Amino acid sequence: VAVGDPAGLAPHGLVAAAFRQAEQRGVIRIRGLHLRGADMQGISLRLKNLQHSDLTGANMHNARLNKVGFDFSVLDGVDFEGSILEKVDLRRTTSVKGIRWFEVIFDGVQLPELERIGERCVYHGETDDSVPGKTSQDKAEFVYRNLKEQYKLKGDHDTSGLFYELEMDMRRVTGHATDRAWFTALWLMCGYGERPLRAVFFSLAVVVGYALAYMPLQLIGPNGPDHPIHGDFADGLYFSIVTFATLGYGDIRPEGLAKWLAVSEACLGAFTIALFVFVFCRRMVR
C-alpha cells in the first residue's frame, strides 16, 4: 500500500479517505505506507497498526489515536502537538526522534527505548514563539515532564530520571534569579537528586576547600595556645574532616576568623550528609 497526499489536502482529502476505506473494510494491519510530510491534521485512527511505513515529518496536529501501533515504522519529526494518544504502541518503531510532543495527552502510551526517542526533545534550544505566553523552554519542560511520567510507569527509572533532570534544567533556565541559583546549586551538589556520587564528590571538594582555607588561619593544637597550627595542610585537612562530619573531638580548636569558618563548614556538612542519605536512599528504593 502506498498512500500519499500530493495535493496537500486537509484530513478530509486523500489520506483521510484512504483510512476511512480501510476502516470500512475492517483492515487493521496496513503495511508500507509512504506518508512523508503528509497532512493528517485532526485525523482519527482506531485499532490500526501501520507497519514498515515512513511518516517522517507528517502533520498529525490535534489527531486522535486509539490503540494504534507503528511497528518498524519511522516517525521522525512527526507533529503530534495537541493530540490525544490512547494506548498507542511505539515500542517497535524504528525511530521517533524530533517529534513535536507539546500538549500531547498520553493515556497508556508504550514508549520505545531511549536511543530511538533521543535524549533531548525538538524544543530544547529552539526559538519558537508560535504559542502566546509559551517559550520553547516551557514546551521542552512540558515534554520532559510527560516523558518522565511515562517511563516511570513503564518501570524504566533510569530513563525517567534522565528526563527529570532535563525538566529541572528547563525550570532552571526559565526561573527567576533566586530559582536559577537554587537549581544550579542542586545540580552541582546532587544532580537534582539523581546522582548520589555527585554529592560524594561535592563533599570531598568542600572538605579540601575548607582545609586550604584553614591553612593561613590560626588553629590551636593539642599542645595549647603556645603552639598554634599554621600552614600545615595535613592538620587543616584533619580539622576540616572532623568539622564537616560534626564529630567535635576538640583536640584542635579554631581561633578568630577560623571559628566562623568552622561554623559554616559544620552547617554545610550536616546538610550535605543528609542530602547524600536522601539521594542514595531514593535511588536504592527504585
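Angles between axes under 35 degrees count here as roughly parallel, those over 145 as roughly antiparallel, those from 65 to 115 as roughly perpendicular, and the rest as oblique. The model is a predicted one, in which local features need pLDDT of at least 70 and side-chain atom pairs count only at pLDDT 80 or more, while totals for chains, interfaces and linings use all residues. Residues are numbered from 1 along each chain as its sequence is written, and side-chain values use heavy atoms, with hydrogens and water left out.

Helices (DSSP runs of H or I, at least four residues) and strands (runs of E, at least two) are numbered from the N terminus. Helix α7, residues 233-244, packs against helix α8, residues 257-285, at an angle of about 55°, and their axes lie 7 Å apart; the two helices are therefore oblique to each other. Such axes are lines fitted to C-alpha atoms, for helices over the stretch in contact, and angles run from 0 to 180 degrees between N-to-C directions. On the side of α7 the contact (heavy atoms within 4.5 Å) is made by Phe239, Ser240, Thr243 and Phe244.

Elsewhere, five strands form an open sheet with parallel pairing, in the order β1-β2-β3-β4-β5, where two strands pair if DSSP finds at least two bridges between them. Its edge strands, each pairing on one side only, are β1 (29-31) and β5 (105-107). Strand β4, residues 84-86, runs parallel to β5 and is joined to β5 by three bridges, with Ile84 standing opposite Ile105 of β5. Helix α1, residues 14-24, packs on the sheet and touches β1 and β2 (44-51), its direction making about 90° with that of β2.
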